[in-house]
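Here are a few exercises on ring pairs and charged side chains, each with a worked solution. Open the structure, try each task yourself, and then compare notes.

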Amino acid sequence: MVNKGKKESNALRFKAYKAIKEKIIYLDFKPGEKIFENELAKTLNVSRTPVREALLMLEHEKLVACTDSLGFIVRRFSAKDIEEYFALRKAIEDFVIPLVVEKITKEEIANLKANIAEGKRLIGHGGDIRAIIRCESEFHELLYRAAKSDILYDTILGLVDRFQWFRALALSVPEAAGSSLSHHKKIIDLIKKNDIEGFKQMMHVHLDEARRRIIALPGILL
């Protein structure tokens with residue numbers, strides 16, 4: 001009975017953890033927004049305890065913060081946080097790009113083109129933000145896989161949630177998805193030309209544009 005009770009408790013905590021994290025990453029809960037534990041418990045059909053435990057896990061991951069006056073809120077960022085995040089992204093991309101140009105296959109290029117076609121379809125049909133974010137994320141995942149570096153990919157897996165969150169923030173700005181898609185098209189052209197430096201420059205433009213959008217969002221900065 002004890003083991004069964006513990007398993008049920010763990011399952012409820014994980015259910016709450018996944019649901020709250022998804023709401024944060026896909027901006028149902030925005031940076032600086034208060035999280036109401038009772039409402040979440042009711043929505044998820046669980047007691048308040050697994051919700052509180054899930055929030056403590058997310059606090060450890062720095063997705064939420066606990067304040068004396070408001071309780072749990074979605075974490076906001078300092079300008080330094082954002083600059084360091086994009087500096088890290090640039091370092092990763094600069095490492096990935098020569099490997100991609102060297103090792104990418106025709107099939108992988110075809111998959112990238114199919115991803116762009118899907119992105120264009122989603123934008124043209126007013127696709128929901130989650131579908132657009134997933135499509136954008138898939139494009140970058142396809143590039144990382146094309147590098148064929150297990151160590152690199154394993155490292156990136158530990159950063160996926162943060163990548164997804166910042167991507168969602170950048171894409172929440174009107175016209176951002178269309179601009180990002182145009183960058184992706186140029187990236188494929190540069191890969192086909194074996195233009196490593198051009199690819200790096202385009203990726204820097206891509207990341208710099210996302211960084212500026214995020215910094216300009218109201219309420220995002222501490």
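Predicted model: local features only at pLDDT ≥ 70, side-chain atom pairs only at ≥ 80, totals over all residues.

**Exercise 1.** Find the salt-bridge partner of Glu93 and say whether the two residues are buried or exposed.

*Solution.* 
- Step 1: The partner is Arg89, with 2.9 Å between the closest N and O atoms.
- Step 2: Glu93 and Arg89 are about one helical turn apart, because they are four residues apart in helix H4.
- Step 3: Both Glu93 and Arg89 are buried.

**Exercise 2.** Examine the salt bridge between Arg211 and Asp208, then trace the network that holds these residues.

*Solution.* 
- Step 1: The N to O distance for Arg211 and Asp208 is 3.9 Å. The cut-off is 4 Å, so this contact counts as a salt bridge.
- Step 2: Arg211 and Asp208 are three residues apart in helix H10 (residues 196–216), which means that about one helical turn separates them.
- Step 3: Arg211 is buried, and Asp208 is buried too.
- Step 4: Salt bridges join Asp208 and Arg211 with Glu83 and Lys90 in a network.
- Step 5: For the structure, the count of salt bridges comes to 17.

**Exercise 3.** How many aromatic pairs does a search of the whole structure find? Work through the pair of Phe14 and Tyr17 as one of them.

*Solution.* 
- Step 1: The search finds eight aromatic pairs.
- Step 2: Phe14 and Tyr17 have ring centres 6.1 Å apart and planes at 25°. Planes under 30 degrees apart count as stacked, so this pair is stacked.
- Step 3: Phe14 and Tyr17 sit about one helical turn from each other, because they are three residues apart in helix H1 (residues 2–25).
- Step 4: Phe14 is partly exposed at 47% relative accessibility, whereas Tyr17 is buried at 10%.

**Exercise 4.** Describe the pair of Tyr85 and Phe166, and list the ring cluster around these residues.

*Solution.* 
- Step 1: Tyr85 and Phe166 are stacked, at 4.0 Å centre to centre with 15° between the planes.
- Step 2: This pair links distant parts of the chain, since Tyr85 lies in helix H4 (residues 79–103) and Phe166 in helix H8 (residues 160–171), 81 residues apart.
- Step 3: Tyr85 counts as buried at 8% relative accessibility, and Phe166 is buried with a relative accessible area of 3%.
- Step 4: Ring pairs connect Tyr85 and Phe166 with Phe77, Phe86, Phe163 and Trp165 in a cluster.

**Exercise 5.** Which rings have Lys23 and Lys34 over their faces?

*Solution.* 
- Step 1: Lys23 sits over the face of Phe29, 5.9 Å from the ring centre.
- Step 2: Lys34 sits over the face of Phe36, 5.2 Å from the ring centre.

Terms used: Residues numbered from 1 in each chain as written. Heavy atoms only, no water. Phe/Tyr/Trp six-rings, centres within 6.5 Å; stacked < 30°, edge-to-face > 60°. Helix = DSSP H or I, 4+ residues; strand = E, 2+ residues; numbered from the N terminus. Buried < 20%, exposed > 50% of the residue type's maximum accessible area, 1.4 Å probe, protein only. Lys NZ or Arg CZ within 6 Å of the ring centre and 35° of its normal. Salt bridge = Lys/Arg side-chain N within 4 Å of Asp/Glu carboxyl O.
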